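I open the notebook with a list of things to look up. The entries follow in the order in which I checked them.

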Amino acid sequence: MLGVIWFLLWGVLWAVYFMLDGSDLGLGTVMPALAKNDTERKLVYRSMGPFWDGNEVWLITAGGVTFAAFPATYAVLFSGLYTPLMLILFALILRGVTFAFRGKVDDPKWRQIWDLCLVLGSFLPALLFGVAFANLFKGLPIDGEGIYQGTLITLLNPYGIAGGLLFVSIFAMHGSLWLTTKTDGDLQERAGALAKKIWPVVLILAVIFLLATQRVTNLYDNYQANPVLFMIPLVAVFALLSTRFLMAMSAWWKAWISSALTITSTVLFGVVGLFPNLIPSSLDPKFSMTVTNSSSSPLTLKIMLAVALTFVPLVIAYQVWVHYLFKDKLADDEVAYEETH
Amino acid sequence: MDVLLLSRLQFAAATFFHFLFVPLTLGLSVLIAIMETIYVKTGDEDYLRAAKFWGKIFLVNFAVGVVTGITLEFQFGTNWSRYSRYVGDIFGSLLAIEATLAFFLESTFLAVWAFGWKRLSPKAHAACIWLVAIASNLSAVWILIANAWMQHPVGYVLRNGRAELDNFLAVVTQPFAWQIFFHTISGAYILAGFVVMGISAYHLLRKQHIEFFTKSFRMGLALALIFSFGELIQGHIHASEVAKLQPTKLAAMEALWETQTNAPQTLFHIPDEKNERNWLEIGKIPGLLSLLAYHDVNAEVKGLKAFPREDRPPVMPTFIAFRVMVALGFLFALLTLIGVFKRHKLVDSPLYLKVMLWSIPLPYIALQAGWMVTEVGRQPWIVYNVMRTRDAVSPLATSQVGISLAAFLVVYGILGVIAFSLMRRFAIAGPEPVPVRKREV
């Protein structure tokens, strides 16, 4: 039972991470298409400034929880996906320091370099997380010792790439919507228009992905055994459709929330389909890492649960407060003021 | 080179680099919080300018600390998967708790502090930096509890082919963990104090912003003074705990080969690991090592030869790092003590100011040396007497780790140069001119 609770929390943590940082990763990826001059680029950075780091902690927590609740899975997953994880890591490092370094020197060349780092540092994690999760849904070639019998190329199969592209496109839409909530005028219009343009791409990729999932993975087994669970992919589809509808009404905040719901329910769709596996083995089902064979001791799970139930609501409360505090649209003079501080 | 060695080098490089930034974060956040509180209480604008001036340096430093911290968490899984699997039940949960309790708080409120000057009342704004200071120190608590468990594992049972948690309270309350915490945190506060004093000295030497930097210097001095002297006492207590719990580490720290009662403290000697002896031993003080380690001149101190070769840590690095750390520790106490007498005539003491300016790197060296004693001295164990480092490494290809290590060295090297030059630039530029722009609340 404890294992099941932690499996769900594990999935929720990843979903929340993608929902929050998906905005930043997506906006970073499309920044060159949206911001036409330095003032606009500053607004793009500033729209993420107070949030990206707090968002990224959800990744650290998701990683930490994998380590704490399912140590064997953590060991197999992180060592098996060594190269893509290292790439994600370097990308996130570049993205992180970009926020700290870019504004510190008033030189166009300097800023160009960091703008490039932002794009790379946002695009790569979006793509690779998608590739990694799609492969997770499909199963990794892990043997009886938990050793990954593949290479980086193994992951770049059509289904993996479809997952990567789905993540990139949905984050790009999500990030553009984020910018619409923080700006007005030209920049907002451009961001809204881009989100609308990306939406059909997301739709097509989502349909391809859902169909391919049926052929390539066993995710649907849980849904067939328990049809009520079809609610989850239905929510995802409904949320994606309503995102478009809300965009048409220029209800930007609601559109962002709706696309956040799309992301969360898509990730949960995969995670629920995985259960009870955390990493299905594509070599032999008996080599799979599962809730039973990879979880921590009941004592650890209990203590962790107490910590999570106490502190995660608190985290949510103060992060919501931060969103409320910085809810206003950005004004140019404020950006200029902060440049000097 | 094999995967084990490459992974060790990579972990050492990643930790070394991360630990170049974290200690300043720990101490400077507290100093900035105090500065801003003084401003809120007294309305003295100099302290607001001080919070902003040191805050700029802090933000650059913090950012590099944050991004390199993720590497450390990921690396246990990527490079030390057998370790993660074996002890994740305990070690993993401590890291997860650290993230939930501390990282969220730290990252979220630092952003509020950096972006919220106009949106919060002065009191609420000061509260944010206090939360950052508390959270970053709290994260040090959890990470050092985790490290202490590798040094002296408690509260676990070996079951199901791994170490499982048996007594959580024992893990978080073991005195050794708190010794390590106080030792490290004191080092971090000394570093912050010296950085603040050093940068202040730069400006005082040039006779610019005299009042401003005299205030900063004195605050740095107070912090460094308290913790330099505290560290001398605490360091001694800590070392005697090491003697009890990690005798191989103590023997390597002192390069003591033979087990002996009334063990002497040698003032100068050079270990010869191959022949299991020391060259050139100068100034043996009989019984002093026994006295220091066990508070009894006749106590028996175990020598390295009492342990099989395969259970001994590398002697030379442990021995040298320990001496460097201790010597610098005494120097910090001396320099801060001189500061007490010079504090009212800083501008008239150019020699002292010059010494303090050039002392900025010293606490960095001391902290890294201390870290080396802890980690190299723990070898060949990853968890002392429970798991060997060589059994902990991931099943990876040499090329994978070779490439990632090279990438770390390049990326971190560049980041390090940029971060320190930005901090240097802000330090030299000095505070914004008075009067500061009126803040709108």
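Which residues in H1(A) meet which residues in H9(A)? I found that A:Val30, A:Ala33 and A:Leu34 in H1(A) meet A:Leu187, A:Arg190, A:Ala191 and A:Leu194 in H9(A). Contact here means C-beta atoms, placed from the backbone, within 7 Å. Helices (H or I, at least four residues) and strands (E, at least two) are DSSP runs, numbered from the N terminus.

I noted that this is a predicted model, where local features need pLDDT of at least 70 and side-chain atom pairs count only at pLDDT 80 or more, while totals for chains, interfaces and linings use all residues. Residues are numbered from 1 along each chain, chains are lettered from A and ligands numbered from 1, in the order written.

Next, the helix geometry. H1(A) covers residues 2-34 and H9(A) residues 185-216; they pack at about 120 degrees with axes 11 Å apart. Axes are lines fitted to C-alpha atoms over the stretch in contact, and angles run from 0 to 180 degrees between N-to-C directions.

Then I turned to the contact between the chains. Chain B gives 50 residues and chain A gives 54. On the chain B side, H3(B) gives the most, with 20 residues.

Last, I looked at a hairpin. E4(B), residues 265-272, and E5(B), residues 277-285, pair in the antiparallel sense over 6 bridges; pairing needs at least two DSSP bridges. B:Asp272 has B:Arg277 as its bridge partner. Between the strands lie 4 residues, and B:Glu276 in the turn has a positive phi of about 50 degrees.

Notes:
Two residues are in contact if their C-beta atoms, placed from the backbone, lie within 7 Å. A residue is buried if 20 or more other C-beta atoms lie within 10 Å of its own, exposed if 12 or fewer, and partly exposed in between; C-beta atoms are placed from the backbone.
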